[in-house]
Amino acid sequence: MSLSDLLHYLRIGGVTLASLLLASVVALGVAIERLIALWGVSERSRALGDTVHKHLLRGDITAARTATERSDAAVADIFLAGFDRLERTRGTGDGVESAVERERAQVGLRLRRNLWILATIGSLTPFVGLFGTVAGIMKSFKDLGLDVQAGGSGGSAAVMTGISEALVATAVGILVAVQAMAFYNYFQARLSRVLVELRLMGDEFAELLRERPMNGSAASASSSTAPAPVDAPRSQPEA
């Protein structure tokens, strides 16, 4: 299909075909934006998770929080919510799991941003194309009726040409819908895996935060209850 044919169909399609092409451009733009936003999300989150867990296992919360604040990983906000909750509870760790889970839900919403646009385009564009086809067929039959009233032969050639041009709108609508739904399903599958990883990292992080004060208490208790060293008996001076 040449460029002149494309321009011809665009002129015939009018507003309907122009809106379908605009929807295709919007879907492509959303896909590129989400691809950039999700690039390396899992890798950065796993790297930060390993670093924070190492610091927490050593009991160094200050180093763990510093590493979290310097990171731009998606899981960083989840960790910071847990650290803030731990600070507010003065080290008891009460409510850390709920704080981590709430922030994880917020991160999930941010990662899913703009995906509704792809779903909307994928579901509506076939109907928009069908509307353009129906409107084109109605116009073709109207032209046929006017031709007959004017004394024409009422041949089917003009009608068939108009119908074939009208069917282009349906074809374009289906193509745009396939494009949008392919992007949408790809990002849905990818986000499902990312959100599972964030949930696992958040659960492990909350466990480490709750275990740390217990370990610290146990260590202090064991040191306080340790028996005092017994002095060795003094040797008696020889007579």
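**Exercise 1. Which residue forms a salt bridge with Glu87, and how far apart are the closest N and O atoms?**

Solution. The coordinates belong to a predicted model, in which local features need pLDDT of at least 70 and side-chain atom pairs count only at pLDDT 80 or more, while totals for chains, interfaces and linings use all residues. Residues are numbered from 1 along each chain as its sequence is written, and side-chain values use heavy atoms, with hydrogens and water left out.

Step 1. Apply the salt-bridge criterion, a side-chain nitrogen of Lys or Arg within 4 Å of a carboxyl oxygen of Asp or Glu. Glu87 meets it with Arg65, the closest N and O atoms being 3.4 Å apart.

Step 2. Classify the accessibility, with buried meaning under 20% relative accessible area, exposed over 50% and partly exposed in between (1.4 Å probe, protein chains only). Glu87 counts as exposed because its relative accessibility is 55%, and Arg65 counts as partly exposed because its value is 22%.

Step 3. Look for another partner of Arg65. The side chain of Glu69 also meets Arg65 in a salt bridge, at 3.1 Å from N to O; Glu69 and Arg65 are four residues apart in helix H3, so about one helical turn separates them.

**Exercise 2. How do the axes of helix H2 and helix H4 cross, and which residues make the contact?**

Solution. Step 1. The axes of H2 (residues 41-57) and H4 (residues 75-88) come within 9 Å and cross at roughly 30°.

Step 1. Name the arrangement. Angles under 35 degrees count as roughly parallel, over 145 as roughly antiparallel, 65 to 115 as roughly perpendicular and the rest as oblique, and H2 and H4 are therefore roughly parallel to each other.

Step 2. List the contact, meaning heavy atoms within 4.5 Å. On the H2 side it is made by Ser45, Leu48, Gly49, Val52, His53 and Leu56, and on the H4 side by Val75, Ala76, Phe79 and Phe83.

Step 3. Leaving aside residues up to four places away in sequence, Thr68 touches Leu48, Val52, Ala76, Phe79, Leu80 and Phe83, and Thr68 counts as buried because its relative accessible area is 0%.

**Exercise 3. Which residues does Arg199 touch, not counting residues up to four places away in sequence?**

Solution. Step 1. Assign Arg199 to helix H7 (residues 156-225).

Step 1. Apply the contact criterion with that exclusion, which gives Glu101 and Arg104. The C-alpha atoms of Arg199 and Ala105 are separated by 9.4 Å, although these residues are 94 apart along the chain.

Step 2. Classify Arg199 as partly exposed, because its relative accessible area is 37%.

Definitions and conventions. Helices (H or I, at least four residues) and strands (E, at least two) are DSSP runs, numbered from the N terminus. Axes are lines fitted to C-alpha atoms, for helices over the stretch in contact, and angles run from 0 to 180 degrees between N-to-C directions.
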